[in-house]
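Colleague: I am new to this structure and would like a close look at a single part before anything else. Which residues are around the ligand?

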Amino acid sequence: MTPAPLIAFRSVDLAFGDHLVLGKLSFEIGRGEIVCVVGPSGCGKTTALRVAAGLIAPTRGEVAFAGAPVRAPRRDVAIVFQDYSKALLPWRTAAGNVSLALEAMGTPRGRRRERIDALLKRVGLFAFADKYPSQMSGGMQQRLQIARCLAQEPAALMMDEPFGALDAMTRQSLQDEMLEIARATKATIFFVTHDLEEAIYLGDRVVGLMPHPGRIGIELSVDLPRPRDQVTTRESPEFLRLRHKLYDFIHASEKGGRP
Ligand SMILES: Nc1ncnc2c1ncn2[C@@H]1O[C@H](COP(=O)(O)OP(=O)(O)OP(=O)(O)O)[C@@H](O)[C@H]1O
């Protein structure tokens, strides 16, 4: 018997006024699975993530989390936004930003320091505990946002273009750090990206949405060995085959037809 999915979209419609953004969207994400969602601009990727996170309610249908309908944001679901500068408090140090999440969780004062140190170590920022976000690079600020999310000990991480604002080298190192975090924490990851190669590199599965309204256009299993490697994985024939399929899908769906 296959285990019950952690996240299940069940025929989700989402309309903003009379604009139907998601139409009968159905797909599932298993526990511990990394599912990357791609699709042309405006097809509803962010909207799907916001529905799954309980930030917006579906117009029809439901998203279930561990079998229960999602009706509001959950403590065990953390969201990583692209815009780290808005997600962090500029007047708090790195340690202070992580502490905020622990305070919200009700972690006793005496246990916070140890947790903060462990979380900052996990994202390679231990030496920067006393620095303010403005004293950190974009990549470091994004790692700090991730550390703050991990403080929630989330069962699922919802990541909306988290590396979209970073340069190529920083992006690759954060991809690898994220994969290591996923391996170590066994968190389930719903990852939205424009970058088809990023989706294949990270994912166990890639879901491509078609627009008007947003719905599944393609689902690809990524049978590439882990741990993945920025050079050999990206050069492998299977990676190139998947990339080809996804590019064809995006081009066709941008033109409005199925590939
Ligand atoms: N709060 C809102 N009110 C009205 N319309 C919205 C709202 N949020 C999103 N939309 C519309 O819903 C559609 C899907 O937006 P969404 O941001 O989910 O797409 P996306 O696939 O993530 O796009 P992108 O790749 O460009 O980030 C767009 O047409 C957008 O204008």
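Modeller: A helix here is a DSSP run of H or I with at least four residues, a strand is a run of E with at least two, and both are numbered from the N terminus. Please keep in mind that this is a predicted model, with a chain average pLDDT of 95 and 97% of the residues scoring at least 70, and with an ipTM of 0.97 and a pTM of 0.95.

The residues around the ligand are Phe16, Val21, Gly39, Ser41, Gly42, Cys43, Gly44, Lys45, Thr46, Thr47 and His194. After α1 comes Gly54, where phi is positive, near 80°.

Four of them form an open sheet, in the order β2-β1-β4-β5 with antiparallel pairing, and its edges are β2 (19-29) and β5 (68-69), each of which pairs on one side only. Strand β4, at residues 60-65, is joined to β5 by 2 bridges, and there Phe65 stands opposite Ala68.

Elsewhere, strand β7 (residues 156-160) is largely enclosed by the rest of the structure, because 5 of its 5 residues are buried. Ala156, Met158 and Asp160 point one way from β7, while Leu157 and Met159 point the other way. In a regular strand, side chains alternate between the two faces of the sheet. Strand β7 runs parallel to β6 (residues 77-80), to which 4 bridges join it, with Ile79 opposite Met158; it also runs parallel to β8 (residues 188-192), through 5 bridges, and here Asp160 stands opposite Val192. Between β7 and β8 the chain passes through helix α6 (residues 168-185), in a right-handed β-α-β crossover.

Finally, an unreviewed UniProt entry places the feature "domain: ABC transporter" at residues 7-236, a stretch that is 35% helix and 27% strand in this model and whose end C-alpha atoms are 30 Å apart.

Technical notes. Residues are numbered from 1 along each chain as its sequence is written. A residue is near a molecule or strand if its C-beta atom, placed from the backbone, lies within 6 Å of it. Two strands pair if DSSP finds at least two bridges between them. UniProt positions are given in the numbering used here, feature names are shortened, and annotations may be inferred rather than shown by experiment. pLDDT is the predictor's confidence in each residue, from 0 to 100. A residue is buried if 20 or more other C-beta atoms lie within 10 Å of its own, exposed if 12 or fewer, and partly exposed in between; C-beta atoms are placed from the backbone. A crossover is right-handed if, with the strands pointing away from the viewer, the path from the first strand over the helix to the second runs clockwise.
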